[in-house]
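The sequence and the structure come first, and the details follow.

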Amino acid sequence: MFSSDDIIDKIFENVVKGPKLFKDKSVLFHDYIPPRLLFREEQISKLAHHLSSLMRRQRTSNLFIYGKPGTGKTAVTKYVISRLLDRAKGTNYIFNAIYVNCRLAGTEYRVIKLMADTIGLDLPFTGLSSEEALHRLIDKFRQQVNPILIVLDEVDALVARYGDNLLYALTRLNYDYHEIISMIIGISNDLRFKELLDPRVLSSLSEEEIVFKPYTAMELEQILWDRIELAFYPNVVEPAAVKLAAGISAAENGDARKALDLIRVAGEIAEMEGAGVVTVDHVRKARESIDRERVVEVIRTLPLHSKLIILSLYSILVNSPESRVRSSSLYNKYSTIVRHLGESPLSMRRFHGLVTELSMLGIFDRHISNLGRRGGRFSSIKFGLPISMVKKALEEDPIISDLLIQID
DNA sequence: TTTCCACCGGAAAATGAGGTCC
DNA sequence: GGACCTCATTTTCCGGTGGAAA
């Protein structure tokens with residue numbers, strides 16, 4: 001029987017004394033832009049062609065880029081812009097590029113603020129209306145000498161939540177002052193978001209489109225080998241392991257990021273085990289580990305009341321994980337637990353909202369049943385993942401783990 | 001065919017904590 | 001210092017849902 005200290009000592013020894021597999025792990029992370037982007041020559045040349053007009057200070061079409069996650073949209077856009085900016089240094093063809101990820105920015109105001117930050121305009125975090133912030137940004141735009149390129153990544157997230165007011169204002173500015181705002185690039189994972197756009201915005205933004213198709217398994221395999229050459233020492237990754245990682249990712253929308261994650265985590269597991277080679281088995285373990293870590297991470301970052309709802313379901317199902325619980329029973333249990341903590345439970349409506357969120361995250365599995373006039377319509381809930389995984393995630397919260405001890 | 005049950009969920013308003021502006 | 005702002009969270013209100021019973 002090994003103690004926890006023995007296990008840690010063994011992992012440490014493997015990492016320090018075991019064979020080194022990684023030459024440069026950073027090239028396997030999502031934000032790394034490689035020196036060449038395979039299978040995207042057509043998109044690179046189309047984008048570079050458009051941007052070259054901008055550098056000549058000619059009016060050029062706005063661009064709409066779409067494709068599934070992990071198909072290289074952001075990487076290609078950043079790659080082309082950075083290459084052209086490098087080339088333009090010291091010439092008269094310089095331009096300013098503003099890149100904002102709308103989903104990460106979160107709100108319309110923050111998108112405006114991030115654009116302002118890029119061109120040296122200081123806007124407060126809060127206190128101004130979005131309208132006022134936009135006015136100040138536009139004034140600053142007008143003072144710019146060089147043409148401006150605006151890239152709005154994951155623009156669908158902005159439009160779905162706040163409508164297309166900001167996009168309308170920017171396309172309007174692009175129309176009226178095209179010598180300043182020379183080009184807007186909208187990047188989206190979801191083509192359907194175009195239905196949400198005002199026809200004037202749509203016609204302006206979709207003047208030109210570039211489509212990124214998902215990578216095939218063969219393409220992903222070559223992409224992986226290209227990165228493995230930079231990331232690992234020679235001959236430490238088995239070809240079968242690469243084939244498996246590419247196959248798994250091709251089945252999941254041809255997502256290159258997933259493939260890179262699999263190979264990176266497989267390499268980390270191999271290093272921890274003190275293995276000299278990354279094998280198929282390490283890729284399988286990596287797949288499990290990524291799924292498990294994702295769940296633990298999601299639950300860890302949930303607000304307290306969401307965790308308390310999960311805990312309530314856990315306390316009911318701890319001895320019969322496959323049973324289902326009515327949402328009303330779950331609410332009663334949740335209320336009892338919250339009152340036990342000396343707090344007031346959330347309203348039923350809010351509770352329903354959180355249960356819906358947990359179902360969408362795959363933590364809960366909700367099923368609608370209908371027993372008719374006497375029984376009515378109701379949803380029954382169980383866990384969408386192994387109960388042991390849920391428990392592990394809950395144990396990371398100090399308040400919840402105390403309650404868990406009482407339940408167990 | 002209508003009624004009823006037990007929710008479900010959209011929309012709008014409220015709340016409170018952070019802030020700016022004049 | 002008061003008016004006004006953003007933003008995340010929550011509450012309140014209320015119409016919708018679908019299948020069995022009346």
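## Surface near DNA strand B

DNA strand B is surrounded by 20 residues, of which T126, R349, H352, R373 and S379 are the closest; a residue is near a strand if one of its heavy atoms lies within 4 Å of it. The model is predicted, so that local features need pLDDT of at least 70 and side-chain atom pairs count only at pLDDT 80 or more, whereas totals for chains, interfaces and linings use all residues. Residues are numbered from 1 along each chain as its sequence is written, chains are lettered from A and ligands numbered from 1 in the order in which they are written, and side-chain values use heavy atoms, with hydrogens and water left out.

Sugar or phosphate holds 65% of the atoms of DNA strand B within 4 Å of the protein, and the rest belong to bases. A base oxygen of DNA strand B lies 2.7 Å from a polar side-chain atom of R349, and a phosphate oxygen lies 3.2 Å from a polar side-chain atom of T356. A polar backbone atom of R377 is 3.3 Å from a base nitrogen of DNA strand B. Two or more residues of this surface come from each of α15, α16, α17 and β8, where helices (H or I, at least four residues) and strands (E, at least two) are DSSP runs numbered from the N terminus. With 4 residues, α17 gives the most.

## Surface near DNA strand C

Around DNA strand C there are 19 residues, and T107, Y109, L128, S347 and R373 come nearest. The side chain of R110 places an N or O atom 3.4 Å from a phosphate oxygen, while a polar backbone atom of S130 is 3.3 Å from a phosphate oxygen. The side chain of N370, in turn, has an N or O atom 2.9 Å from a base nitrogen of DNA strand C.

At least two residues of the surface near DNA strand C are supplied by each of α5 (108–118), α16 and α17 (372–375), and α17 gives the most, with 3 residues.

## Helix α15 and its buried side

Within α15, the residues S327, L330, Y331, Y334, S335, I337 and V338 are buried, meaning under 20% relative accessible area, with exposed over 50% and partly exposed in between (1.4 Å probe, protein chains only). They cover an arc of only 165° around the axis, taken from the directions from the helix axis to the C-beta atoms, and therefore lie on the same side of α15. The exposed residues T336, R339 and H340 sit on the face turned away from that buried side.

The buried residues of α15 pack against α14 (304–317), β6 (325–326), α16 (348–360), β7 (364–370), β8 (377–383) and α19 (398–407), contact being heavy atoms within 4.5 Å. H305 is found in helix α14 and counts as buried at 18% relative accessibility. Its side chain makes a polar contact of 2.6 Å with the side chain of Y334.

Conventions: A polar contact is a pair of N or O atoms within 3.5 Å; within protein, one must be able to donate a hydrogen and the other to accept it, and residues adjacent in sequence count only if both atoms are side-chain atoms.
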